[in-house]
Amino acid sequence: MKAELQTNYEARLSRYATLLHATEPPGLVAKLATYRQLLRQREIHGEKLWKIEPMLYPLMHSAEIDLHLAAARLLEDPGRSEGSIFAFLKFCLTNRTHITWKAGTPPAETFDEQVARLEAHRATITAIMGRRDKFFAHLDKRYFREPERIYVDFPLEDSAVIALVNVVIAIITEHQWKLRETANFHVAEFLEIGIDNMVRNLEAGRRQNFPGQLD
């Protein structure tokens with residue numbers, strides 16, 4: 001039984017690592033890095049960013065929705081999804097004595113603390129789920145009539161979403177490290193550099209091909 005539960009634990013952890021770090025399709029780490037860097041470009045350039053390239057506006061909003069949906073599937077109520085990170089942590093706590101990390105049996109306090117870190121963002125989780133369930137994945141009658149109300153009824157701060165997603169990534173990384181003292185290499189920095197270069201090239205092209213538009 002112990003070997004079976006250990007294998008189950010490691011298989012689950014491997015699947016989460018794929019959801020976080022995959023490149024095809026891009027995982028949660030790539031989605032977060034893309035969104036965060038687009039926000040940074042908006043902070044740097046302000047409204048001028050949409051003049052540099054008008055397509056960056058819908059691109060940023062698409063990246064935002066994509067990040068929300070990717071986070072939502074990992075933050076589902078454990079009663080609705082075996083793949084929820086809450087279900088994973090419940091499994092870990094229930095079967096703790098049958099799981100072996102590099103340093104031995106994991107302490108219950110570790111899993112309790114990880115759940116607490118997620119629950120500290122419960123308001124953000126609720127808003128993400130509300131937007132998904134009422135508008136982005138299933139169109140509620142109210143928001144079909146008044147789509148703009150979804151942002152009023154389920155408000156979200158960019159920084160709050162980023163903080164929550166970072167907690168999810170950190171928890172899975174901690175499990176990887178505790179299990180084998182190794183973790184996946186993050187591609188976030190490369191994506192951030194790529195987006196920075198993209199915007200710089202777009203700005204240079206706009207200035208060269210359409211003199212005066214950015215003045």
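User: Let's start with charges and rings: what lies over the face of F91?

Analyst: A charge sits over a ring if NZ of Lys or CZ of Arg is within 6 Å of the ring centre and within 35 degrees of the ring normal. Here R12 is placed over the face of F91, 4.3 Å from the ring centre. Keep in mind that the model is predicted: local features need pLDDT of at least 70, side-chain atom pairs count only at pLDDT 80 or more, and totals for chains, interfaces and linings use all residues. Residues are numbered from 1 along each chain as its sequence is written, and side-chain values use heavy atoms, without hydrogens and water.

User: How many aromatic pairs does the whole structure hold?

Analyst: Rings of Phe, Tyr and Trp (its six-membered ring) pair if their centres lie within 6.5 Å; planes under 30 degrees apart are stacked, over 60 edge-to-face, the rest tilted. The search finds 6 aromatic pairs. One of them, W50 with Y57, is edge-to-face, at 5.1 Å centre to centre and 85 degrees between the planes.

User: Is W50 buried or exposed?

Analyst: Buried means under 20% relative accessible area, exposed over 50%, partly exposed in between (1.4 Å probe, protein chains only). W50 is buried because its relative accessible area is 15%, while Y57, at 42%, is partly exposed.

User: And which residues form one aromatic cluster?

Analyst: Y9, Y16 and F88 do.
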